[in-house]
Amino acid sequence: MSVSGPSGAIVASPSLSAAKAGRFVSLLKSLIWIAAFLAVVELLVLVLGIRPYYLPRPSAIAAAFWATPQAYLLSMWRTLLETVIGFVAGSLFGVATGVLFHRWTMLRELFFPLFVVSQTIPVIAFGAVVVLWFGNTLLAKAVISFYISFLPVTVNALLGFAAVDPRQVALMRSFGAKEGQILRRLYLPAALPQIFVALKLASSLSLIGAIVGEWFGDTTGLGVLLLQAMYNENVVGIWVTIVASACLGIGLYAVVSEAERRIVFWGAEQ
Amino acid sequence: MTDMSIAWSEDYACGLNPGARGLAGLLGPAKAVQITSEPAWGSSGDNPLIELRNVSKSFGPVVALDSLEATIHPGELVTVVGPSGCGKSTLFNILAGLEEPDPGNILRFRGKSSAASELLGQVSFMPQRDLLLPWRNVIDNAILALEIEGMPRTQARAEALKMLPEFGLAGFENQYPNQLSGGMRQRVALMRTFLFRRDLMLLDEPFGALDALTRTMMQRWLLDVWQKHRRTVLFITHDVDEAIFLGDRVLVMTARPGKVKLEQKIDLPRPRKADIVTSPEFITLKKTLLDAIEEESMKSFMTSGH
Ligand SMILES: Nc1ncnc2c1ncn2[C@@H]1O[C@H](COP(=O)(O)OP(=O)(O)OP(=O)(O)O)[C@@H](O)[C@H]1O
Ligand SMILES: [Mg+2]
């Protein structure tokens, strides 16, 4: 969708495939960078004689993963599920409350301070209560993940709505548009760039929520693996879990970014 | 942009009537409910479409309009000129139902006393800025009003697609606003206004952003379609030539607070040819109007430094 010359219709298609190739190249580049980085770490650990207790060699971490891939993959899957449920629920709730608060200032004045206060309760304290309520279920983790991810979405949705050009609203009203129509056709799309900024943040937050949630007791999940490895002083295990969490986090972020690139193709120009 | 508009103007020159007829269909009286036996145009005896008496509007300490009086008859094309900041857009906002005038006013629409808000959805309004939605392509921006009225998208798109060539936008239906020149964006906005078929059209400097060639073409085109189906048009412009060339009447507004300073009937015969601007009658009218505008512009310059 890059801006093309005056006869845009004709230029558009080659520039599109060029953009695709460009993205492939940049993906390749970042892969090469990661490989180079790992190689350097490996070398440094060997050359400086760093003990595995402080930093195991990347190859050792990989080997530990390959020894029991099943356990790690299952845990990643479980944590991913909790994260995604929490993230989706948090995002929807965030946008919905943004709409409500924008539409009814009364609601905003009543509840928005509560929202902010809710975030000052340490997630650990809140998590304990949630586990009491929901038991040691997947749902409990998703709730914690939801709890720490919705507020940025609410805030940014509100920011995005507030930035809508009032003249644009006036134009829609002059066409006889009802509030719902203005919301769907103007406010929501106009706030999307802002909302996506929050969604990227919420994606990492919801992963943290899921992992912390698992610390309250469970049998699978990255949080569980992390705790077990810590108690057993299994340093390599800790590192495998860290890398696995990072992969999940990066993956989620990448998915949200890609969605943003496709959906908010016009950029935040207005 | 340039080659596009030339291609379009050639198209205009040779295929004017068939093209305009397609549009003329669109300009017909919009809703069966709204038809108030549209009388022959220009006759002064018939019921006015819009009557404004003692309409004032202030924004805090700023008095934008002060007891403005105006009457618009069905089928008229009335142009409005006046110094910048004199309240022209404010007047349009009131007529579009977006702003309520200060209390004490009389606003009659089709003879019925109305609050401004009752005009929402009744008037086809083109604001000064194009206000296109950046996430909608040309076609989808053009059909915005139709969609809001509840027309299915495919039908609305098909209707808009037919109109593209007449607005010099053929082949650009899938472009997004950030890919268009200012003039093209304005034409998309104009098309959006035309597709929203209402008896009264408010055009706030619709051709202000167009280059000279496209602008004269658009003026003649507007006259052509308007002449076929007398939709009532209120047209703000900064260009006195444009005001005279298009209008049945020209309203000159005073510096802020705005009211009607001069109401000049334009008796030039229709259809008007492009060369009419050099006729002695035209020059005389222009002189009268320029004098009036100059006086007001000086005033607004002194008081507010516009
Ligand atoms: N919503 C508003 N709030 C406060 N002041 C306003 C508002 N709208 C218009 N005004 C003021 O009212 C006056 C008239 O504005 P308006 O936009 O109607 O002028 P205009 O004749 O259309 O000018 P231009 O030719 O430059 O478009 C201006 O002084 C403007 O500052
Ligand atoms: Mg204006």
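Because the model is predicted, local features need pLDDT of at least 70 and side-chain atom pairs count only at pLDDT 80 or more, while totals for chains, interfaces and linings use all residues. Residues are numbered from 1 along each chain as its sequence is written, chains are lettered from A and ligands numbered from 1 in the order in which they are written, and side-chain values use heavy atoms, with hydrogens and water left out.

Read from the N terminus, its elements go α-α-α-α-α-α-α-α-α-α. Along the principal axes, the C-alpha atoms of chain A fill a box of roughly 70 × 55 × 30 Å. Side chains of opposite charge can pair when their charged atoms come close. One such pair in chain A is A:E179 with A:R103, a salt bridge with an N to O distance of 2.5 Å. This pair ties together distant parts of the chain, with A:E179 in helix α8 (residues 179-214) and A:R103 in helix α3 (residues 69-103), 76 residues apart. Over all chains, the search turns up 29 salt bridges (a side-chain nitrogen of Lys or Arg within 4 Å of a carboxyl oxygen of Asp or Glu).

Next comes the place where the two chains touch. Here 29 residues of chain B are in contact with 27 residues of chain A, contact meaning heavy atoms within 4.5 Å. The size of an interface is often given as the accessible area lost when the parts come together. For chain B and chain A, the buried area is about 2,500 Å², with 61% of it on carbon and sulfur atoms (the area, with a 1.4 Å probe, that two parts lose on being put together, summed over both). Of the area that chain B buries against chain A, 27% comes from B:L131, B:W135 and B:I148, more than from any other three residues.

The charged and polar pairs can be listed quickly. The count of salt bridges between chain B and chain A is one, and B:E147 forms a salt bridge with A:R185, their closest N and O atoms being 2.7 Å apart. Four residue pairs, both members at pLDDT 80 or more, are in polar contact across the interface (N or O atoms within 3.5 Å; within protein, one must be able to donate a hydrogen and the other to accept it, and residues adjacent in sequence count only if both atoms are side-chain atoms). On the side of chain B that touches chain A, the elements giving two or more residues are β6 (123-126), α5 (144-149) and α7 (182-195). The largest share, four residues, comes from α5(B). By class, this side of chain B has 18 nonpolar, six polar and five charged residues (Ala, Val, Leu, Ile, Met, Phe, Trp, Tyr, Cys and Pro count as nonpolar, Asp, Glu, Lys and Arg as charged, and the others, Gly among them, as polar).

Ligand 1 has 14 residues around it, the closest being B:S84, B:K88, B:S89, B:T90 and B:R256 (a residue is near if one of its heavy atoms lies within 4 Å). Oxygen atoms of ligand 1 lie 2.6 Å from a side-chain N or O atom of B:T90 and 2.7 Å from one of B:R256. A backbone N or O atom of B:G85 is 2.8 Å from a ligand oxygen. Taken alone, ligand 1 exposes 640 Å², and the protein buries 64% of that (by the Shrake-Rupley method with a 1.4 Å probe; for residues, only the protein chains shown count as cover). The shell around ligand 1 has four nonpolar, seven polar and three charged residues, and α3(B) gives its largest share, three residues.

Finally, the backbone. Most residues other than glycine have a negative phi, and most peptide bonds are trans. The bond from B:R256 to B:P257 is cis, with omega near 0°, and B:P257 lies in the loop between β9 (249-253) and β10 (260-265) of chain B. Another cis bond joins B:R270 and B:P271, with omega about -5°.
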